[in-house]
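Here are my notes on this model, point by point. Please read them with the structure open.

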Amino acid sequence: MRLNVGCYLLFEAIAPSPLILMLRPRSGLGQRVLQEEYRFEPDVSPVEYTDSYGNLCHRLLTPQGIFQVNFTATVETADEIDIQLGASFVPVQDLPDYALQFLLPSRYCQSDLLGNLANEIVAGIESAYDQVEAIRHWINTHIEYHYQTSDASTSAIETAKTRQGVCRDFVHLGIALCRTLTIPTRMVVGYLYQLEPMDLHAWFEAFIGDRWYTFDATQSEPKGNRIAIAYGRDAADVALATQFGLLTLTEMKVWVDASETVNS
């Protein structure tokens, strides 16, 4: 499906302030960027760079006062996510270098403290893909999706105890449980078609066999038509906007619509 997506951000700055934005998807597995446009009001000259996770970023200095960011893109997406039941575990010595960092505990994903729960969930399950799917299913059926039950500091350990949270919390718990089993797992932030209520969404990917596979614990069944924007160890690496100084984000709007253009 071809999707038109966008994001609007409104900031207020008491003084000129540094800002890093991570809004741009890139073409890759399951998605192809056809066109994109970004506008800043007042106009500024950003510096574009790629961070250590391959994410496309803008670095800029906002002026004092009201500052607006408009980003839009048209992206060709896969209607279904790839599934590979029975895909095997990759021994650490055979993992590609870039996957190794996603085995380690991180700020919100204390994989070194969740071994008992992980082993309980996957008891009797052999293949790595099926183990990750069991973890995804367990989170989907045992963690309640509730707003205002967590905040920016909530970690996987806390979600395992409270059994409630939002997509960010579902992802952190899934990542931590998978890493406990020595399966590289990373956080993904992006757009999901027909998400209700509409907002940016988060899911996780696990490295199994010879590639990354998508898992979304907030969904009862696999859904495609998603656009990845950013990858990282946890939420600390995939912030939409990282602001410094006297700058406040006061408004954000996100939209995902099916393009009227017929796919060729």
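1. Second largest pocket. This pocket is lined by 27 residues, and Leu29, Gly30, Gln31, Glu205 and Tyr231 lie nearest its centre. A pocket here is an open set of points on a 1 Å grid over the protein atoms alone, where a 1.4 Å probe fits, with protein on both sides within 12 Å along at least five of seven lines; lining residues have an atom within 4 Å of a point. Two or more lining residues come from each of β10, β11 (211–215) and β12 (226–232). The most come from β12, with 5 residues. Helices (H or I, at least four residues) and strands (E, at least two) are DSSP runs, numbered from the N terminus.

2. Basis of the model. The model is predicted: local features need pLDDT of at least 70, side-chain atom pairs count only at pLDDT 80 or more, and totals for chains, interfaces and linings use all residues. Residues are numbered from 1 along each chain as its sequence is written, and side-chain values use heavy atoms, with hydrogens and water left out.

3. Volume and classes of the second largest pocket. Its space is about 510 Å³. A volume is the space filled by probe spheres set on the grid points, which are joined across faces, edges and corners. The lining has 11 nonpolar, 9 polar and 7 charged residues. Ala, Val, Leu, Ile, Met, Phe, Trp, Tyr, Cys and Pro count as nonpolar, Asp, Glu, Lys and Arg as charged, and the others, Gly among them, as polar.

4. Arg186. Which residue does the side chain of Arg186 join in a polar contact of 2.7 Å? The partner is Glu205, which is among the residues nearest the centre of the second largest pocket. A polar contact is a pair of N or O atoms within 3.5 Å; within protein, one must be able to donate a hydrogen and the other to accept it, and residues adjacent in sequence count only if both atoms are side-chain atoms. Arg186 sits in strand β9. Its relative accessible area is 13%, so Arg186 is buried (buried means under 20% relative accessible area, exposed over 50%, partly exposed in between, with a 1.4 Å probe and protein chains only). Leaving aside neighbours within four places in sequence, Arg186 is in contact with residues including Phe102, Trp203, Trp212 and Tyr231. Contact means heavy atoms within 4.5 Å.

5. Largest pocket. The volume is about 940 Å³. Of its 33 lining residues, Val166, Cys167, Arg168, Asp199 and Leu200 lie nearest the centre. At least two lining residues come from each of α5, β9 (185–192), β10 (201–208), β13 (241–243) and β14 (247–258). Helix α5 gives the largest share, 3 residues. By class, the lining has 20 nonpolar, 6 polar and 7 charged residues.

6. Nonpolar cores. A nonpolar core is a set of buried Ala, Val, Leu, Ile, Met, Phe, Trp, Tyr and Cys residues joined through side-chain atoms within 4.5 Å. The largest has 69 residues, and Leu21, Tyr191 and Ile208 have the most contacts inside it. Helix α5 (residues 167–180) gives the most to this core, with 8 residues. Another core, of 8 residues, lies apart from it and includes Val90, Leu95, Ala99 and Phe207. Beyond its neighbours within four places in sequence, Leu21 touches residues including Leu9, Phe11, Phe40, Val69 and Leu240.

7. Thr77. Is Thr77 buried or exposed? Thr77 is buried, because its relative accessible area is 6%. The residue belongs to strand β6 (residues 65–77). Its side chain makes a polar contact of 3.0 Å with that of Asn225.

8. Backbone points to check. Cis peptide bonds join Glu41 to Pro42, with omega about -5 degrees, and Glu196 to Pro197, with omega about -10 degrees. Pro42 lies in the loop between β3 (31–41) and β4 (47–50). Pro197 lies in the loop between β9 and β10, and Gln194 lies in the loop between β9 and β10. Gln194 has a positive phi near 65 degrees although it is not glycine. Gln148 also has a positive phi, of about 60 degrees. Gln148 counts as exposed, because its relative accessibility is 81%.
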